[in-house]
Amino acid sequence: MTEARDRSTQFETEALVHLDLLYGLALRLTGGDGARAEDLVQDTMLRAWRAWDGFQIGTNARAWLATILRNTFINEFRRRQRRPDPVAFDEIAERSVFAEIAEEDPEGGFFDRLVDDEVVAAIDELPEDFRVAVVLSDLEGLSYEEVSDAMGIPVGTVKSRLHRARRRLQRRLYSYAKEMGYVR
Amino acid sequence: MTDRPEDRADREGISCEEAVERVYEFLDGELDDGWMDRVREHVEICRRCTPHFNFERVFLDHIRGKGLRPEKSELLRKRIRAALDSE
């Protein structure tokens, strides 16, 4: 087997196998924008291919690719962020749903009945600043410090964005649950 | 001598409000050691906060468990193979 063929086969089995997962991550970061997510994954794969010789086979390729994808997305995101994008939040979205549901379903059993489509749609609906914080923290498992570095915002801002974004998500999921009759 | 909020909290314990406003930082393990202990001590003995914190934990687990899923796109796969071939 030639060296080029070898490299290509290796890339296929180590990197391209993660395509669906990367596309899932790209869709959440872009709020369900299929065209933008596809471009993002393609850019990621091309960057990964060019940097492939520096990748250590046997280490976590999925994590390596996700980092490339995040960095690619964040660079574009930060360029666009120069335009001020004030996010309006209503008071009601700031309160935990718990107070309203404490008697009927204190253990949050209704969450079990929600399907991933509803969770994904609720994430996609968040304003971009808040959605990116949730995706990096909750879906990618980054620490506040890492989200702060990635997004170029102070740790205190990460905390408040996550707090508000999660409250908003929670309220959206609660509304779905009410619409579906899972709770009263 | 000044009485810092955390000194007072260590003597008297913290309020439900002080615990709940830190719920996500607590569940994320992002509070410093002093506040981690204060919130934990409060939640362990508070009949209102124990179920509230459990509820928030269940909520976060659901987001984390259901939010990220693989998505298929055969068109994208073809596009990427073509792009890689022309590299």
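Colleague: Leaving aside its neighbours within four places in sequence, which residues is Leu169(A) in contact with?

Modeller: In this predicted model, Leu169(A) is in contact with Ala122(A), Ile123(A), Leu126(A) and Val134(A), and also with Ile63(B) of the other chain.

Colleague: Where is the place of Leu169(A)?

Modeller: Leu169(A) sits in helix α10 of chain A.

Colleague: Does Leu169(A) count as buried or exposed?

Modeller: Leu169(A) counts as buried, because 25 C-beta neighbours lie inside 10 Å, and 20 or more are needed for that label.

Colleague: And what separates the C-alpha atoms of Leu169(A) and Glu103(A)?

Modeller: Their C-alpha atoms are separated by 21 Å, and the two residues are 66 residues apart along the chain.

Colleague: Turning to the two chains, how many residues does the contact take from each?

Modeller: The contact takes 34 residues from chain A and 28 residues from chain B. On the side of chain A, helices α2 (19-29), α3 (34-50), α7 (116-125), α8 (128-139) and α10 (155-179) each supply at least two residues.

Colleague: Which of them gives the largest share?

Modeller: The largest share of that side comes from α2(A), with 8 residues. By class, the side of chain A that touches chain B has 21 nonpolar, 5 polar and 8 charged residues.

Colleague: Back to α10(A): at what angle do α9 and α10(A) pack?

Modeller: Helix α9 (residues 144-151) of chain A packs against α10(A) at an angle of about 105 degrees, and their axes are 8 Å apart. The two helices are therefore roughly perpendicular.

Colleague: Which residues meet there?

Modeller: From α9(A) come Tyr144(A), Glu145(A), Val147(A) and Ser148(A), which meet Val155(A), Val158(A) and Lys159(A) of α10(A). These residues divide into 4 nonpolar, 1 polar and 2 charged.

Colleague: What does the domain assignment of chain A give?

Modeller: The assignment gives domain 1 (3-80) and domain 2 (91-179). The centres of these domains, taken over C-alpha atoms, are separated by 26 Å. In their contact, 9 residues of domain 1 of chain A touch 11 residues of domain 2 of chain A. The largest share of the domain 1 side, 5 residues, comes from α4(A).

Colleague: Finally, confidence: what ipTM and pTM does the predictor give the complex?

Modeller: The complex has an ipTM of 0.88 and a pTM of 0.89. The mean pLDDT of chain B is 91, and 97% of its residues reach 70 or more.

Notes
Residues numbered from 1 in each chain as written. Chains lettered and ligands numbered in written order. Predicted model: local features only at pLDDT ≥ 70, side-chain atom pairs only at ≥ 80, totals over all residues. Contact = placed C-beta atoms within 7 Å. Helix = DSSP H or I, 4+ residues; strand = E, 2+ residues; numbered from the N terminus. Nonpolar A, V, L, I, M, F, W, Y, C, P; charged D, E, K, R; others polar. Axes fitted to C-alpha atoms, helices over the stretch in contact; angles between N-to-C directions. Parallel < 35°, antiparallel > 145°, perpendicular 65-115°, else oblique. pLDDT = per-residue confidence, 0-100. Buried ≥ 20, exposed ≤ 12 C-beta atoms within 10 Å, placed from the backbone. Domains from an automatic or database assignment.
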